[in-house]
Structure formats: structure tokens, C-alpha cells
Amino acid sequence: MFSALRKNLFLRDKIILNNLIISLACWLFGLIWLYFKITPRVEPVALRYTIYFGIDLIGPWYYVYIFPLSGIIIILINFILAYLIFLKIKILSYFLALASSVIQILLIILSILIFLLNK
């Protein structure tokens, strides 16, 4: 079973593997951050703030977990697409992996800002 993973060129590529590790670590950090910082409560939490209108999106406390959910979906889609096109267009698979890492970093920043908005 694991011999197929050892022979897989996609997972042996250092750029792909590093971006996968960074993406999963950032996703896990964002999920843990929200888990420990946003406590279950009866009153709604602010989910979005704009400079023009102020807080314009509120919802139940568990709606903050939509952001980590979207993050893992982005990781899955990007790395599945990168895997499918790796042997044909290697640079595009690198961009997909890098985009996944950048999006996860942005989702961490979003998680921190949501916590600060609800503090």
C-alpha cells in the first residue's frame, strides 16, 4: 500500500510536498485557533466588517467554522487538480500548490481578525 506512495512522483517533489505541509499546518492552526478562541454562545458573532457599513454579517457562533471548512475544500481541490496535471504541466501544479498555501495563510489572518472583531 505505501510502496505506491513512495513511487509517486507527485509526492516526492519537494515544492509540492512543502506546500502541502504548509497548507495543512496552516489549516490546522486556523482551526485550532478558532476552536480555542471562539466559545459557544447564545448571542450571534460578527463574521464580516466593512469600513463603509461596519459589521454587516452576523451569525451563530458555529458559522466561524465555515472558513476552515472552505480552507480544507480548497486544499483538496487544488492538490487533486495539481496531481492530475503534474506530469503534463508541472509549473501549473506548482502554482496550484502555492495558491493553496497562500489562501490558507489568508484564512489564518481572517480567523485572527474575526476573533479580534468579536473580542
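Modeller: Let us take H4. The model is predicted. In H4, the buried residues are Phe67, Pro68, Gly71, Ile75, Asn78, Phe79 and Ala82. These residues lie on the same side of H4, because the arc they cover around the axis is only 95°. An α-helix has 3.6 residues a turn, so residues three or four places apart point the same way. Ile80 and Leu84 sit on the other side of H4 and are exposed.

Next, the length. H4 has 20 residues, and at 1.5 Å a residue they should span 28 Å. The end C-alpha atoms of H4 are 29 Å apart, which agrees.

Now the partners. The buried residues of H4 pack against helix H2 (9-12), H3, S1 and H5.

Buried residues of H5 include Ser93, Tyr94, Leu96, Ala97, Ser100 and Ser101. Further along, Gln104, Leu107, Ile108, Ser111, Ile114 and Phe115 are buried in H5 too. Their cover includes helix H3 (14-37), strand S1 (45-50) and helix H4 (66-85).

Leucine 96 touches Asn78, Leu81, Ala82 and Ile85, leaving aside residues up to four places away in sequence.

In soluble globular proteins, nonpolar side chains tend to be buried together. Here, the largest nonpolar core has 10 residues. Its members are Phe10, Ile16, Leu20, Ile75, Phe79, Ala82, Phe86, Tyr94, Leu96 and Ala97. H3, H4 and H5 are the elements that give two or more residues to this core. A second core, of eight residues, is separate and includes Val45, Leu47, Leu107 and Ile114.

Last, the charged pairs. The structure holds one salt bridge. It joins the side chains of arginine 48 and aspartate 56, with 3.1 Å from N to O. Arginine 48 counts as partly exposed, because its relative accessibility is 42%. Aspartate 56 is also partly exposed, at 33% relative accessibility.

Key: Residues numbered from 1 in each chain as written. Predicted model: local features only at pLDDT ≥ 70, side-chain atom pairs only at ≥ 80, totals over all residues. Heavy atoms only, no water. Salt bridge = Lys/Arg side-chain N within 4 Å of Asp/Glu carboxyl O. Buried < 20%, exposed > 50% of the residue type's maximum accessible area, 1.4 Å probe, protein only. Helix = DSSP H or I, 4+ residues; strand = E, 2+ residues; numbered from the N terminus. Contact = heavy atoms within 4.5 Å. Core = buried A, V, L, I, M, F, W, Y, C linked by side-chain atoms within 4.5 Å. Expected span 1.5 Å × (residues − 1). Arc of directions from axis to C-beta.
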